[in-house]
Amino acid sequence: MIRAEWMKFRSVRGWVIAVVVAAVAIVGFAVEGGSQGSCFGNSCAQLTGPGGEAVSDSFYFVHQPLAGNGAITARVTSLTSAVPVPHGGTQRAVVPWAKAGIILTASLAGGSAYAAIMVTGSHGIRMQDDYTGDVAGPAVHTDWLRLTRSGSTVTGYASPDGTHWTRVGAVTLPALPATVQGGLFTTSPQYTQTSLGVAAITGDASQSTAVFDHAALTWPAAAWTGTNVDGSSGPAAGPATGYTRAGGQFTVTGSGDIGPVTYGPSGIGTTPAQTLAGAFIALIILAVTGAMFITAEYRRGLIRVTLAACPRRGRVLAAKALVTGLVAFVVALAGTAVAVPLGQRVLRSHGVYLPPLTVLTEGRMIVGTAAALALCAVLAVAIGTVARRGAAAVAAVIALIAAPYVLSASIPVLPLGAGDWLMRVTPAAAFAVEQTVVQYPQVDDVYAPAYGYFPLPAWAGFAVLCAWTAVFLALALVTLNRRDA
Amino acid sequence: MRRAIRAEWAKACSDPAVPWLLAALVVATIAVSGVTIGTARCPAAACGQDPARISLAGVYLGQAIAALAGVLALGGEYATGMIRVTLTAIPRRRRLLAAKALVLGGPVLVASALALGAAMLAGVIVLPGHGFTAGHGFDLASWATARAWCCATVYLTLVALLGLGVTAIVRDSTIATGVVLGLLYLFPVAAMAVGNRAVARRLEQIGPMSAGLDSQATIDLHSLPLAPWAGLGVVALWAAGALGLGVALLRLRDA
């Protein structure tokens with residue numbers, strides 16, 4: 001039975017050419033790239049935080065060395081941000097994750113262990129530590145901040161008036177040495193404005209200025225030093241930073257971010273998912289081929305011969321699905337196995353920064369994408385069996401996968417939550433197998449599938465497509481058994 | 001010409017798929033728009049959200065059905081061999097395709113206008129409650145809103161005509177669907193994939209979907225890759241090109 005179906009597939013030259021074109025398309029898009037970056041050699045080597053992940057660590061720091069246990073208190077009276085405007089100059093804006101507050105850090109070197117409590121542009125009081133930790137503070141208006149150290153435990157407090165304190169969070173930092181650098185900091189991440197379509201995404205370094213007063217330490221008073229901690233890489237010179245002191249009032253201006261690195265429009269470089277952009281063309285070709293594999297039989301009346309030769313219809317459907325799936329898998333695998341390593345090499349040679357991949361993750365991307373494409377082809381066979389019209393099957397498969405993908409990337413069209421929701425329930429969720437990076441709520445970026453960010457983990461996204469395929473195969477089996485050919 | 005139109009009309013009326021397709025177009029468009037309107041929020045001024053694009057988000061799915069309607073209007077005849085009878089009755093290829101375009105375009109235009117009108121109305125009623133207020137710089141009952149509705153309606157009709165033209169070229173509805181939807185969705189996906197901003201912008205300018213949907217914008221018009229009416233012009237060029245090539249090939253080839 002399987003051999004008969006394989007014969008049928010092999011004997012239509014158009015289908016064989018089509019699947020070969022699909023594989024070539026996957027590789028072609030990976031090689032073409034089109035991206036240009038400025039990372040050559042080690043120029044973009046990223047700092048790594050205590051947890052081993054790539055981090056940014058740039059801020060303006062007014063500090064002094066602090067030995068042993070104690071507490072720092074300060075009030076942030078204002079935090080204002082400015083973003084560059086297209087034709088020079090800057091304008092005031094709200095930068096949601098602009099940060100100003102108190103920080104205790106192991107050293108002035110980038111990537112050091114730290115704990116900080118801060119006021120943010122529009123996310124209220126936060127306590128953050130070691131780049132990935134993030135706890136929200138009280139929702140009411142508070143501008144007094146305090147950070148206390150006791151051994152390796154750092155606790156953050158916030159207060160509206162300097163007398164009634166609320167505990168925001170406590171973190172344990174085993175890597176903290178006896179003498180740490182502590183003081184006031186301001187930083188301001190890359191500002192991203194999404195307008196219409198992807199070409200309209202603009203972003204640039206922003207700059208924030210915070211005014212502190214009532215700075216008080218339980219340690220013996222020492223001289224304050226201002227340092228621009230710059231763990232950023234690449235040649236880009238940020239906006240001016242610095243601090244001034246007038247009596248008890250500190251005005252600190254900083255730019256950068258203390259947090260995990262993200263990729264895409266407002267992060268750095270791109271994700272390896274970009275090497276698989278051609279999978280999209282392959283999807284269309286394989287869906288058309290899969291749908292035609294069954295609907296061509298209806299169109300030519302061959303289905304009657306097929307069902308006469310093998311009256312057990314379930315077997316016919318199984319054989320067709322198996323042959324389609326296997327052919328699509330092998331062809332797509334040939335494409336992705338070349339595209340992923342080669343595409344990364346091409347991107348790196350163009351100076352585009354990519355996060356390093358483990359062999360396991362790379363293998364998951366290669367095999368997972370091929371398997372997802374194969375399942376899409378099987379889904380097209382199933383829908384084609386139900387609808388008996390190839391056009392409907394192709395329209396359904398492409399629209400169900402392409403429309404959510406495009407919609408969720410065009411942020412201004414679809415509210416972010418709705419886009420995520422689409423990428424969870426539609427078959428498009430399967431492309432989560434291309435996910436290699438983590439999405440951080442405390443870093444603003446365009447977290448869209450096109451940039452390698454998916455709302456579901458790889459296995460769960462793949463399971464969604466499996467469920468869709470299973471449901472439609474069952475439907476196909478029922479209709480095939482019930483209907484005359 | 002009138003007889004050709006009447007003949008095509010009779011065929012369309014007797015095809016059981018036509019009412020289903022038009023109903024699906026209306027339902028899918030309103031459903032996606034409804035979800036988008038329901039979830040959209042504009043918490044502050046300059047939130048970067050365009051109320052017209054939110055209300056008209058259903059177009060992203062509706063266009064697939066419009067394209068399918070266009071493909072099946074001719075593809076069905078190739079599947080059954082009916083095309084030979086049709087061409088015997090109406091030997092003028094250009095006249096035949098013109099009649100088909102009219103019979104297809106009319107109902108699609110009406111269905112799109114209804115669906116998008118309902119979506120737009122829902123947006124105008126609901127969105128001010130979600131922060132799209134005059135205080136945040138929005139004026140929903142404006143000419144721009146009416147223009148967006150008008151452009152989106154014409155866009156869906158042009159997509160259906162593009163489907164018709166491509167089917168005339170490839171003569172197979174399954175392949176035609178793949179080609180049309182590929183043309184529509186591929187350009188935005190490719191634009192996202194290429195890192196080069198200039199190339200991405202050019203792709204968005206020539207792609208039928210990205211250019212055509214720019215015509216729905218009512219905010220940030222200066223940052224669009226193309227002006228609204230020019231965007232619609234790009235889609236019209238695609239549709240006209242496909243139909244023109246289709247007529248030329250119909251003339252050259254046997255059915």
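**Close-up views of a predicted model**

**Figure 1. The two domains of chain A.** The C-alpha centres of domain 1 of chain A and domain 2 of chain A lie 44 Å apart. The model shown here and in the other views is predicted. Domain 1 is assigned in two pieces, 2-38 and 269-482, and domain 2 covers 47-260. The C-alpha trace of chain A spans about 95 × 45 × 40 Å along its principal axes. Chain A holds 9 helices and 19 strands. Of its 485 residues, 56% are buried.

**Figure 2. Confidence along chain A.** The average pLDDT of chain A is 84, and 91% of the residues score at least 70. Residues 195-200 of chain A have a pLDDT below 50, and this stretch has 26 contacts in the model beyond near neighbours in sequence. Where pLDDT is low, the predicted coordinates should not be read in detail.

**Figure 3. Strand β18 of chain A and its two partners.** Strand β18 comprises residues 249-254 of chain A, and strand β15 comprises residues 207-217; the two pair in the antiparallel sense over 5 bridges. Within this pairing, A:Val211 has A:Thr251 as its bridge partner in β18(A). Strand β17 of chain A, residues 242-246, also pairs with β18(A) in the antiparallel sense, over 5 bridges. Here A:Tyr243 is bridged to A:Val252 in β18(A). With 2 residues between them, β17(A) and β18(A) form a hairpin, and A:Gly247 in its turn has a positive phi of about 65°.

**Figure 4. A:Asp130 in a loop between two strands.** The loop that holds A:Asp130 runs between β7 (125-129) and β8 (133-136) of chain A. A:Asp130 is not a glycine, yet its phi is positive, near 40°. A:Asp130 counts as buried because it has 21 C-beta neighbours inside 10 Å, and the cut-off for a buried residue is 20 or more.

**Figure 5. A:Arg388 in a loop between two helices.** A:Arg388 is found between α6 (359-387) and α7 (390-409) of chain A. Phi of A:Arg388 is near 60°, again a positive value in a residue other than glycine. There are 18 other C-beta atoms within 10 Å of A:Arg388, so this residue is partly exposed.

**Figure 6. Helix α8 of chain B.** This helix covers residues 173-193 of chain B, which is 21 residues. At 1.5 Å a residue it should span 30 Å, and its end C-alpha atoms are 29 Å apart, which agrees. A kink of about 35° lies at B:Leu186 in α8(B), shortly before the proline B:Pro188. Because 21 of the 21 residues of α8(B) are buried, the helix is largely enclosed by the rest of the structure.

**Figure 7. The surroundings of B:Leu181.** B:Leu181 belongs to helix α8 of chain B. It is buried, as 28 other C-beta atoms lie within 10 Å. Apart from neighbours within four places in sequence, B:Leu181 touches residues of both chains: its contacts are A:Ile284, A:Ala395, A:Ile398, A:Ala399, A:Ala402, B:Ala64 and B:Ala67. B:Leu224 is 43 residues from B:Leu181 along the chain, and the C-alpha atoms of the two are separated by 23 Å.

Note on methods:
Residues numbered from 1 in each chain as written. Chains lettered and ligands numbered in written order. Predicted model: local features only at pLDDT ≥ 70, side-chain atom pairs only at ≥ 80, totals over all residues. pLDDT = per-residue confidence, 0-100. Contact = placed C-beta atoms within 7 Å. Helix = DSSP H or I, 4+ residues; strand = E, 2+ residues; numbered from the N terminus. Buried ≥ 20, exposed ≤ 12 C-beta atoms within 10 Å, placed from the backbone. Domains from an automatic or database assignment. Pairing = 2+ DSSP bridges. Expected span 1.5 Å × (residues − 1). Bend = angle between axes of the 7 residues up to and from the residue.
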